Amino acid sequence: MNCYDNAICERIKTITAEAENYINLIYAAPCIYTRNMLLYQLRAKMNEIDFLSGMICCQMNQMQVSSSALPQQNQQNQRDLTLQELSKFNGKDGNPAYVAVNGTVYDVTKNAAWAAASHFGLTAGKDLTSEFASCHAGQTILNKLKVVGKLI
C-alpha cells in the first residue's frame, strides 16, 4: 500500500463512522421527514464508499495484469497484425470482430458480450489493453476467446 491507498482507506473509515452515526440518528428521529433526510445522507455515504472501493479494486487489478497471466494457446493459424490491419476486423461488412489485449489478438465475433462488434461502448478492431486492465484484470475471460494472432 502507498500513501494514496492509505488516504483512501482512512476516508472509507471516516465515511463508515459517519454512516453508523446516521443509522443511530435514524432510530431516534422524531418524524418521517428527518428520517428521509438522514436516509438520503446515508445513501450518499454508501455511494462514496462504493466509489472508493471501486478505485482500490481497479488499482489492484491493474497490478495483477501481466502477459504471463494471459492464456497460452496453440499458435497454429495465427498471424501477426499491425494496428492498421487490426482495425479492419471491426465486425462490419462481413469482417470478423477482433480485439487485442496485451499484444494478443482475440476473436470476439461470436461472443455474446460483443453483439454487433461492441461491448459497453468499446468497438472491435482495436487494442483494448488499458480498457481490459481497468475492468477485467485478473479475470479469466480471455481464456474463453479464440486467439487469432498477435499485435506487432
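Rings of Phe, Tyr and Trp (its six-membered ring) are taken as a pair if their centres lie within 6.5 Å; planes under 30 degrees apart count as stacked, over 60 as edge-to-face and the rest as tilted. By this rule the model has 1 aromatic pair. Phe 89 and Tyr 98 form this pair, which is stacked, with 4.4 Å centre to centre and 20 degrees between the planes. Both Phe 89 and Tyr 98 are buried, where buried means under 20% relative accessible area, exposed over 50%, and partly exposed in between (1.4 Å probe, protein chains only).

The model is predicted: local features need pLDDT of at least 70, side-chain atom pairs count only at pLDDT 80 or more, and totals for chains, interfaces and linings use all residues. Residues are numbered from 1 along each chain as its sequence is written, and side-chain values use heavy atoms, with hydrogens and water left out.

**The sheet**

Helices (H or I, at least four residues) and strands (E, at least two) are DSSP runs, numbered from the N terminus. Two strands pair if DSSP finds at least two bridges between them. An open sheet of 5 strands runs in the order E1-E7-E3-E2-E6, with mixed pairing. Strand E1 (79-81) and strand E6 (126-127) are its edge strands, each pairing on one side only. Strands of a sheet pair through backbone hydrogen bonds, either parallel or antiparallel.

| Strands | Sense | Bridges |
|---|---|---|
| E2 (residues 98-101) and E3 | antiparallel | 4 bridges |
| E3 and E7 (residues 146-151) | antiparallel | 4 bridges |
| E1 and E7 | parallel | 3 bridges |

On the E7 side, Tyr 106 has Val 147 as its bridge partner, while Thr 104 is partnered with Lys 150. Arg 79 stands opposite Gly 149 in E7.

Thr 104 lies in strand E3 (residues 104-107). Thr 104 counts as buried because its relative accessible area is 17%. Not counting residues up to four places away in sequence, Thr 104 touches Val 99, Val 147, Gly 149 and Lys 150; contact here means heavy atoms within 4.5 Å.

**Helix H2**

Lys 45 is located in helix H2 and is buried, with a relative accessible area of 16%. Its contacts, leaving aside neighbours within four places in sequence, are Arg 11, Ile 15, Glu 18 and Tyr 22.

Met 37 also belongs to helix H2 (residues 32-64). Its relative accessibility is 37%, so Met 37 counts as partly exposed. Together with Ile 32 and Tyr 33, Met 37 makes a nonpolar surface patch of about 350 Å². Patches are made of residues with over 30% relative accessible area and no salt bridge; like charges are joined within 9 Å, and nonpolar side chains (Val, Leu, Ile, Met, Phe, Trp, Tyr) within 5 Å. A salt bridge is a side-chain nitrogen of Lys or Arg within 4 Å of a carboxyl oxygen of Asp or Glu. Accessible areas come from the Shrake-Rupley method with a 1.4 Å probe, and for residues only the protein chains shown count as cover.
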